[in-house]
Amino acid sequence: MTEAGSPRAAPVRDVTRRRGWLGDGRTSAIIDLTAIRENVARIRRLTGTEVMAVVKADGYGHGLVAAARAAVSGGATWLGVAFIEEALALRAAGLDVPILCWLAVPGERIGDALAHDVDLSVSAPWALDEVRRVAGQRGTSARVHLEVDTGLSRGGVTASDWPTLLDAASRAVDAGCVQVVGIWSHLVHGDDPHHATTSAQIQRFDEALAVAERFGIHPQVRHLANSGGALHVPATRYDLVRAGIAVYGLAPAPQLCSAAELGLRPAMRLVAKVALAKDLPAGAGISYGHRYRTAEPTRVILVPLGYADGIPRNATNIGPVWIPGVGRRIISGTVCMDQFSVDVGAGADIAEGDEIVVFGPGDDGEPTADDWARALGTISYEIVTRIGPRVPRVYEGDGA
Ligand SMILES: Cc1ncc(COP(=O)(O)O)c(C=O)c1O
């Protein structure tokens, strides 16, 4: 930079507005563990139901173990994951609440799951056969949750196959190798929870529960709702809600209600230091393909985050970022693998080493992950879960 006092001195800069999140770092996803804890407490209060915090996919990008610990300290009495390895990592970290794991293929580490008291979803007849066989070999009783398909046509057995599964399950219970801890299903329209399909699913779920009763199966927990159902449709709550996105402070149905209106606080703030700031003339093409061209002489900054880090390439010319002292700007030109550029305007007081915010809770006017999702025509889930491993997670708040 030009030294102060020389003819081309940079303007005196107000460093107090620089937050100093990054220290010597280049980029960070700063995770507010207090927000996760308080979001769970909020979901508990709003629903009056036990909460299973869904921490699959590395805690929706926030960190599996850290997110799980914060959620449990906020009152989550269950944890939910997709895969057995995720559950085993939680157990290895000392989390001892019930954990449900709901996606497997034949031949997975069922023995390890049983050894570590992991509840398994039985979402197809083969799964019951496998769980029963492994539990029999180990001389233990597997804790299972039977999944009924109430309309999503994803996991779970259909209504017509449900009695056959229940019959097999009740025989496995009698043989002592299975306990049916739960019966569950999953909503089609978690992002539009008042959709007519939701009430049809509630009805089918009730019917499935009634059939289970006839087979003598009385589960400890019945669960149907994800965040959208839990927060917007009380009839979906049953004994337990499986909340994911709301735990991380993002709105499940942002068109109905914002995170702030729900009393939730986004837990992830994605920040980066400026690698380069340079003044360019009017008409300069920026980045691959020159998909952005400066309209007038301006300053352009380079940010060391790219699509390899989870900034979608289609954020080109639409992804919003927040520049301290400048305000919101849009990514200018093609997002590259490791970097993107932003036209910050002529004379903008921003230089190498300054910190910018890609998204955060919105306190300072920065975009939220919900804003990113809206701009890109996707959902906030995709924005936060895709932040890649090159971006260090830095924890702040209670338990950091
Ligand atoms: C089976 C199941 N339950 C609950 C959830 C949590 O959903 P949400 O993040 O919408 O709360 C998910 C997430 O995809 C899921 O797959």
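Helices here are DSSP runs of H or I with at least four residues, strands are runs of E with at least two, and both are numbered from the N terminus. By that count the chain has 12 helices and 19 strands. You are looking at a predicted model: local features need pLDDT of at least 70, side-chain atom pairs count only at pLDDT 80 or more, and totals for chains, interfaces and linings use all residues. Residues are numbered from 1 along each chain as its sequence is written.

**Whole chain**

Start zoomed out. Along the principal axes, the C-alpha atoms fill a box of roughly 90 × 40 × 40 Å. Of the 400 residues, 49% count as buried, meaning that 20 or more other C-beta atoms, placed from the backbone, lie within 10 Å of the residue's own.

**Two domains**

Now colour 15-29 + 268-396 as domain 1 and 33-250 as domain 2; such bounds come from an automatic or database domain assignment. Their centres, taken over C-alpha atoms, are 37 Å apart. Where they touch, domain 1 contributes 12 residues and domain 2 contributes 11, with contact defined as C-beta atoms, placed from the backbone, within 7 Å.

Stay on the domain 1 side and select helix H11 (369-376), helix H12 (380-385) and strand E19 (393-396), the elements that give two or more residues to it. H12 has the largest share, with 4 residues. By type, this side of domain 1 holds 7 nonpolar, 2 polar and 3 charged residues. Here Ala, Val, Leu, Ile, Met, Phe, Trp, Tyr, Cys and Pro are nonpolar, Asp, Glu, Lys and Arg are charged, and the others, Gly among them, are polar.

**A three-stranded sheet**

Next, show strands E11, E14 and E17: in that order they form an open sheet with antiparallel pairing. Pairing requires that DSSP finds at least two bridges between two strands. Neighbouring strands are turned by 25 degrees against each other on average, direction ignored; the axes are lines fitted to C-alpha atoms, and angles run from 0 to 180 degrees between N-to-C directions.

Zoom in on E14 (residues 298-303), which pairs with E17 over 4 bridges. Which residue of E17 is the bridge partner of Val300? Select Asp343 to see it.

How values were computed
Buried ≥ 20, exposed ≤ 12 C-beta atoms within 10 Å, placed from the backbone. Contact = placed C-beta atoms within 7 Å.
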